[in-house]
Amino acid sequence: MTTAPVARLTWRTAPRRLIPANGKARVGLAIIAVYVLVAAVGPWIVQSLMGLSPTELTGAVLQPPSGEHPLGTTQDGTDVLAQLVVGTRTSLLVGVVAAAVSTVLSVAVGLIGGYYGGLADSVLGALTNVFLVLPGLPLVIILAGYLRGRGGPFAVALVIGLTGWAWGARSKRVQTLSLRNRDFVVGARLLGESNLRIMLVEVLPNLLPVISATLMLSLVTSILAVSGLDFLGIGDINTVSWGTMLYFAQQRQAMVSGAWWWFVPPGIAITVLGAAAGLVNFGIDELTNPRLRGARRKGAR
Amino acid sequence: MNLLLDVKDLSVDYGTEAEPLPAVSQVSLELRRGEILGIAGESGSGKTTLINALLRLLRPPAVVRSGSATLHPRSGEPVDLLHADARQLRRTRWEHTAVVFQSAMNALNPVARIGAQFTDVLRAHRRVPRSQARERAAHMLELVGIPAARLDSYPHELSGGMRQRATIALALVCDPDLLVMDEPTTAVDVVMQRQILRQVIRLQRELGFAVVFITHDLSLLLEIADRIAVMYGGRIVESGPAGDLYRDPRHPYTRGLRDSFPPLRGPMRRLHGIPGNPPDLRGLPPGCPFEPRCPHATPECAATVPALAEHGTDRVVACIHADDLGGRG
Amino acid sequence: MTDEPAPVLEAVDVTVHYPVHRARGEVVHALENASLRLRPGRTVALVGESGSGKSTFARTLALAQEPTGGSVLLNGEPATARGRRARRAYARRVQMVLQDPFGSLNPLHRVRYLLERPLRLHGSVTGREDLEQRLRALLERVRLTPPERFLDAFPHQLSGGQRQRVAIARALAVRPDVLLGDELVSMLDVSIRLEILNLLAALRDEEHLAMLYITHDIAGARYFADEIAVMYAGEIVEYGTAEDVTQSPAHPYTRLLLDSTPDPDRMEFLAGRTHRDEDAPDVTEDDYGEPPDLVHPPSGCRFHPRCPLARASCRTDPPPHVQVTDRHWARCVLLTEPDDTSRDTTPAELTP
């Protein structure tokens, strides 16, 4: 083989290297980037620059979109666009926290159980099965209802993460089982590496494709779950999020009034984000497999 | 007409339009009826790509760039292997050409009985009543030393060796003119390998089909092949009768390959194999593909690709120094 | 026997039985009473078909597998790999190189990392400079030069032969006393196998390594090893110098292996088929059978179902250990007889 070694990932080369060549993934990433941008600077733009507030009760009640209120106003006279933008930040954050908690737990359980086998695996497997069987949504509703606003949206995120890890744990365990007997893991043990190091440095990086696949999925389901809870009025109704927008829209009979500008935007926001996550999944392999990183040619995929 | 397979100047590229990799370059060969041709080559030689091209098993991004391949079956019209349409292909496959792949013993459907697999194949190609198909299946199994009672067994009920033999029998069930074997013994032990080769020779004597046998093991080909073609970097570098080629290789690669097998008997001496690495299709030199590793290379070797030229009776070599090396055994 | 160095690694009557899942009390008799001595500067080859137990034996010697019976001795002391410290200490003395050059290196790590690990774990590295120097020295020893080209490469950018060299370098980095090679050239192109074997021979001589070379290729074993142990169905059936075992095989299975190995020098070559017709007898001689099921191995001599010379006693009595010469022994009852034909030292064609 005469190929030159792949250049190291530095700050300069990283952006070019990490953006997948896959068209679908690029679109997905772009969409998510927009969301992140909106979540990051949107509230500031909307509130400071445009002077709109998500909570101020103006007199303009149930106004359709106009120059002053680009997405109209709600029954209370609050600006929908402001709510949407601020809500983006809340929803994304909560979704990310929930997905992170869920992923960390599923990786820990799957990796440890799959690697050690024996008693550890049996115990962790039993734990996984218990959580799999527990009815997720009712449990979340009960827990969230019990919290009733205490701890804010992050408590809800934690609850969702704690109840949603079991499914991912299975796929990570299976992948670990298959990796564990691969020659390079056996080789690392023969070198005298410690188990912890092997798990973290040899096995875990090879789990990244599986992790990222379920990460995207759990991100989406977390956001959906949070939005769902908020919609049911069980989340913290004092925070502004897509779900609470939908809750209030429903409570105030927005559909009957024909105030589409109130519930359609949050609905679209949720849907499009979900679609974007799915698109990104197509290209996630490139990020984690160095073999695919160099291929920039047209049609190389 | 004695010529069964006629391949002329076949070239297969692998990869994109912008940077095609020449997996097979200008390969020509002739196979006579009933002949056993061995194709020897290592990684990057193109032997498997060549066979896949002839069997129309190539998948994108591999594509035939040029050349022709014609099959002259015993019965029926000559077939243009590279351009036959779906209907012709279906008629040719298994009737005139059959294949045995590397993990042949795993090629059997695990959830179907052996007999059923044979009758399925037969009835897909011929209109025969089930009973007749079964008889033929039993006959084929017996030819490879498997008792007819096993027709109703599942593959996992047979031993590994029996499965291997059953696959070979399955390949021969429609009495093809050509049997292609792609590294059929590579994953198998040396004892079973011997058995399989003897089996194939016996069947070949009985049924008269021609064989193209692909392997990286040159010494193996001596047990089975009439003629050997040696491939390197996508080209045929030498071709001739098996014994002659082994005794007196004219191409440096053939010689190096032959000398890479430690002798089992006779005096022991230090051997060296061939230094360097297998060819990288991305960086093939403009001249002879073997030049980077060749102990006899001269500057002209790197400049132009040597053509296959005749050297003595029934031998072709693609090396401009072949004459100097000849006779040095 | 007198002037030989003391064995570094020794297996004494090692037995390995794997439990079979879902079956009650059944075990796979993978290895049975196998003994072996590895001495510094010498290579012992383990030759056999798959299922013969050779890989199990290697893993047991590497302590990756716990023996069911018998023991493994390192420098005369029983060796154990229980616990991280013991495992690491053992890894410092005994290293193994595996068969698959495409699987034995983690595809996500660069060569630099792969070679750094053993150095850091066992080599008391004294800083960045020292590490760099050692890395380059390692690559040079396995003839991967210039080292810079390879240090930052990923495994998939290297050819099979280059990967094996990296694997060998990694094993050597700890400066072991014993190197176990499990079919380490079997997946490489034929033309580069010899280079790797020659390299290993040179390294063995330089470092006085005790080497174990596992292979199914008896011709390669003759070339590379000093002594050969032939394994069948979990047992060592013959042991001797490479020359003795390949030129004067005592056990019928060894003869079967030798006969089945393609040997162009022996054949009468010829172009044309007429001669080959005479060569391959018409009889159904291809029933040399297959290696036995190790859950229920054959009674008496495990080879008896396939042995053309078997007699009634072979089915009931385990074969005796017979010294053919002082350095060559085999387990076969035929060797105890004064009958000359069974002692025939020329490899006989086995007739059914």
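In this predicted model, the contact between chains C and B draws on 41 residues from chain C and 46 residues from chain B. On the chain C side, five helices each put in at least two residues: α6 (160-173), α7 (190-207), α8 (218-224), α9 (242-247) and α10 (252-260). The largest share of that side comes from α7(C), with 6 residues.

How far can the model be trusted? The scores are ipTM 0.86 and pTM 0.82. Chain C averages a pLDDT of 85, and 88% of its residues score at least 70. Two stretches of chain C fall below 50: residues 268-286, with 24 contacts in the model beyond near neighbours in sequence, and residues 342-352, with 18 such contacts.

Over in chain A, a helix pair is worth a look. The axes of α9 (residues 195-232) and α10 (residues 242-251) of chain A come within 7 Å and cross at roughly 30°. With angles under 35 degrees counted as roughly parallel, α9(A) and α10(A) are therefore roughly parallel to each other. The crossing of α9(A) past α10(A) is right-handed. From α9(A), the contact uses Val226(A), Ser227(A), Gly228(A), Leu229(A), Asp230(A) and Phe231(A); α10(A) answers with Trp242(A), Gly243(A), Thr244(A), Leu246(A) and Tyr247(A).

Methods. Residues are numbered from 1 along each chain as its sequence is written. Chains are lettered from A and ligands numbered from 1 in the order in which they are written. This is a predicted model: local features need pLDDT of at least 70, side-chain atom pairs count only at pLDDT 80 or more; totals for chains, interfaces and linings use all residues. pLDDT is the predictor's confidence in each residue, from 0 to 100. Two residues are in contact if their C-beta atoms, placed from the backbone, lie within 7 Å. Helices (H or I, at least four residues) and strands (E, at least two) are DSSP runs, numbered from the N terminus. Axes are lines fitted to C-alpha atoms, for helices over the stretch in contact, and angles run from 0 to 180 degrees between N-to-C directions. Angles under 35 degrees count as roughly parallel, over 145 as roughly antiparallel, 65 to 115 as roughly perpendicular and the rest as oblique. A crossing is left-handed if the near helix is turned anticlockwise from the far one by less than a right angle, and right-handed if clockwise.
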